[in-house]
Amino acid sequence: MEYYNNLYQQPPDKLKFDEIFAFYYNLKGASKADEGKFGEAMENFDKALELNPELSAALFNRATIKADIGDLKGAQEDFVKVREI
């Protein structure tokens with residue numbers, strides 16, 4: 001019983017909501033990209049990266065969309081960042 005009492009008294013770890021929401025926006029962006037809604041996809045990837053700049057999946061996805069819409073310079077910059085992460 002003492003073990004459970006000690007567990008209850010310990011404060012929970014700080015939840016990292018920014019990382020959770022960044023993951024959500026990345027998934028939402030991928031869904032929009034699959035629908036061919038590249039503008040909405042870019043907005044979601046940008047939001048994901050605003051919340052977690054180290055989310056390489058969102059950065060890679062954004063780079064891919066940039067390449068698809070012809071922004072090759074922007075795509076190259078994002079791909080370089082992915083490699084650095």
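User: At what angle do α4 and α5 pack, and how far apart are their axes?

Analyst: Start with the general idea. Two packed helices are described by the angle between their axes and the distance between the axes. Now this structure, which is a predicted model. Here α4 and α5 pack at an angle of about 160 degrees, and their axes lie 8 Å apart. Angles over 145 degrees count as roughly antiparallel, so α4 and α5 are roughly antiparallel to each other. The crossing of α4 past α5 is left-handed.

User: Which residues of α4 and α5 meet?

Analyst: From α4, the list includes Leu59, Phe60, Ala63 and Ala67. From α5, the residues include Leu72, Ala75, Phe79 and Val82.

User: Which residues of α4 are buried?

Analyst: Ala58, Leu59, Arg62, Ala63, Ile65 and Lys66 are. They cover an arc of only 165 degrees around the axis, which puts them on the same side of α4. These buried residues pack against α2 (17-34), α3 (38-51) and α5 (72-84).

User: What span should helix α4 have?

Analyst: Helix α4 covers residues 56-68, 13 residues in total. At 1.5 Å a residue, α4 should span 18 Å; its end C-alpha atoms are 18 Å apart, so the two agree.

User: What comes just after α4?

Analyst: Gly70, with a positive phi of about 95 degrees.

User: How many helices and strands does the chain have?

Analyst: Five helices and zero strands. Of the 85 residues in the chain, 26% are buried.

Conventions: Residues are numbered from 1 along each chain as its sequence is written. This is a predicted model: local features need pLDDT of at least 70, side-chain atom pairs count only at pLDDT 80 or more; totals for chains, interfaces and linings use all residues. Side-chain values use heavy atoms; hydrogens and water are left out. Helices (H or I, at least four residues) and strands (E, at least two) are DSSP runs, numbered from the N terminus. The expected span of a helix is 1.5 Å times one less than its number of residues. Buried means under 20% relative accessible area, exposed over 50%, partly exposed in between (1.4 Å probe, protein chains only). The arc is that of the directions from the helix axis to the C-beta atoms. Contact means heavy atoms within 4.5 Å. Axes are lines fitted to C-alpha atoms, for helices over the stretch in contact, and angles run from 0 to 180 degrees between N-to-C directions. Angles under 35 degrees count as roughly parallel, over 145 as roughly antiparallel, 65 to 115 as roughly perpendicular and the rest as oblique. A crossing is left-handed if the near helix is turned anticlockwise from the far one by less than a right angle, and right-handed if clockwise.
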